Every structure is written in structure tokens, then in C-alpha cells.
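Have the model up beside you as you read.

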Amino acid sequence: MRSVLVAEPAIPVATALRRFLESAGYAVIVVGTAAEALREVRTSPPDVLLASLSESLDGEGLCREVKQEAPGIPVLLLYMPEEEHPEERSAEAGADACLVGPLKRTTVVTCVGLMLQVMDARAAVARAGPAPAAPAPEPDDVAARRLGLEGPASPDFEFLKRLLLMEVKRSRRYRYPIALVLLELDHLDERTAHLGSSQRTTLLAELLGLLSGGVRDIDVIVPATEGRFVAFFPHTPKAGALVLAERMRQRVKTLARLPNMSVSMGLSVFEPSPVRGQTQVSFGNLMKDANEALRQAQAEGGDRLCFIDREVPQEDEPPTED
């Protein structure tokens, strides 16, 4: 069982983090001071360290000390929403990634998982030595990745699919709007050609934290495949979804480790008619429309959000039980 050390003096926050991580199968140790954290690092080194910043705990200082004594331990720094320049500060402290609150289970668990991937990749490189250059992907592989979510998807995306299937049914029945956004980094392979595998993983972990910091507590953002993310906005009409998506697009440009990065985005929205009747919508249709809008954004040069308007048929019969 992989272990996570949480350095967090606030009991409610520490309790929530423990619950998030234990539910994902991690062994969790919680400490309230930097001295206790250092003692754990020296006696029982964790697989990942989560450290917060507060008046009673200097997570950045703790990170520096840990990186001096045990540079192989991935460190994830946790910042409050009011903290300024968290990405730059975490990079200066030597952290592998950072998250800006409010903290959500999916984001925390996903970032810890990515940190473990970083550690495993580093260990594999150290064992194997220099690796031969990977062959260029076949055109069909590239096309498949561009067209949708083919290939290995993250466990968090599988969770999101289950969530969306339920939310689509609820939105039909209770008649509230939902929105879905597909995001894909522009020219990721070219922009990160100078980075190793672990550095790319670290970059994507930071990006996930950056995107999550720009949306609401009720929203969910998860990685789908490398460089592609899915964002789900419940109870959100088109106008609100456009605002949230644009905020995320602008936040991508502030990524400290890769300045001026851009992203293409495709938006799909289900807005039930005020007239009673069952609107035809499904998880598959939402994904298809968002993917088509994403391809349009990429075809137009990237660094933009596209939305495809569709007329949705209505049925006179009352909604059936799902």
C-alpha cells in the first residue's frame, strides 16, 4: 500500500484529506507541524508528501528541507485561494506540483496518483539507464487520440463517466442544465519535447491543479488521456459555462513551468425546455458534441473555445422512470 504523509495543522482540513486519500486506498499519516513531518520523513519515508501553508506551518520551507534530505519524495503543496502566485512559489520551493483550495476529492486523489507516477518513472529511468528513442506514433494512433478518448483513460475519467450518466438522468427528470467541456493542450508534443516523462507528468499535475482552482466546488475536472481533460459543470446553462471555460483557458496561460501554453476547448450544454416534455439527451451526445466543438477549435488554430448549437427535439409524453 502506498503511503501519503499529510502536514496540515487544521483538523477539519486534515480530516478531509485523510478521508479522500484513504477512500482511494492510500495509507495516510497526518501531522500538524513541520518538525513532525521531518521526523516521519527520516524514520518512515512516505511515497508522497502533502504540505499546506498557514501561520503555524510553512509548507514551502518544509518542502525545501525535504528536498535536501530526500529529493526522491514527491511534494505537493496546498495553498489557500487567497495566496498569490502559488505556481511560481511552489516551483521556487522545489515542489513537484501544487493545488489551490478549495480542495476536492477527485483533484487531490488524481494529483497524488500523478505524483506517484512521477516517482515510479524516475525510479525506472534510474534502473534502466538511458532509454532508446520511442518510435513515432502511427497516423491511426494520432487520429484516434484526436478524435476522442480512445487509448488508456484515467481511473478518474471512468469515475466521471459514471457520474455523468447519473447526472444526465437527473437533469432530464428535474430539468436543470448541465455542461461538459473537453480541453486539449495545443501542440503538447512539440512544446514538451525537451521534457522527460516524469517532467511531463509533473506538468500535467500542475495544470490540473491550476484548472481546478478556476472553477466552483460543485464542478469536476479530471484527466482523460495525456494532455486532454474533461470538465463537468452541473446546474450550469450555456452562459455560465462559457464564463467558466474562458476562465480556465486564461489560467492555462499562467502555467509557470511552460509559459504561454494554450488550450483548445469544446463545449456542449444540455438546457431543458421550460415546456414539460422529455428532451432527448445522453452522455454519448454530450461527449460527441463537445468533441466535435474541440476539433473545430483545433482546426481554427487552437487557443479558443468553440460551441456547436443544436436544435433538440421534444417529446409530448411525460418523462419515463429511469
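1. Start with the sheet: five strands make an open sheet in the order 2-1-3-4-5, with parallel pairing. Strands here are DSSP runs of E with at least two residues, helices are runs of H or I with at least four, and both are numbered from the N terminus. Two strands pair if DSSP finds at least two bridges between them.

2. A word on the source: this is a predicted model, where local features need pLDDT of at least 70, side-chain atom pairs count only at pLDDT 80 or more, and totals for chains, interfaces and linings use all residues. Residues are numbered from 1 along each chain as its sequence is written, and side-chain values use heavy atoms, with hydrogens and water left out.

3. Which strands sit at the edges? Strand 2 (27-31) and strand 5 (97-100), each pairing on one side only. From one strand to the next, the twist averages 20°.

4. Now look at strand 4 (residues 75-79), which runs parallel to strand 5 over four bridges. Tyr79 has Val100 of strand 5 as its bridge partner.

5. Helix 9 (residues 197-212) packs with helix 10 (residues 238-252) at about 140°, axes 9 Å apart. Axes are lines fitted to C-alpha atoms, for helices over the stretch in contact, and angles run from 0 to 180 degrees between N-to-C directions. Contact (heavy atoms within 4.5 Å) is made by Leu207, Leu210 and Leu211 of helix 9 with Met248, Arg251 and Val252 of helix 10.
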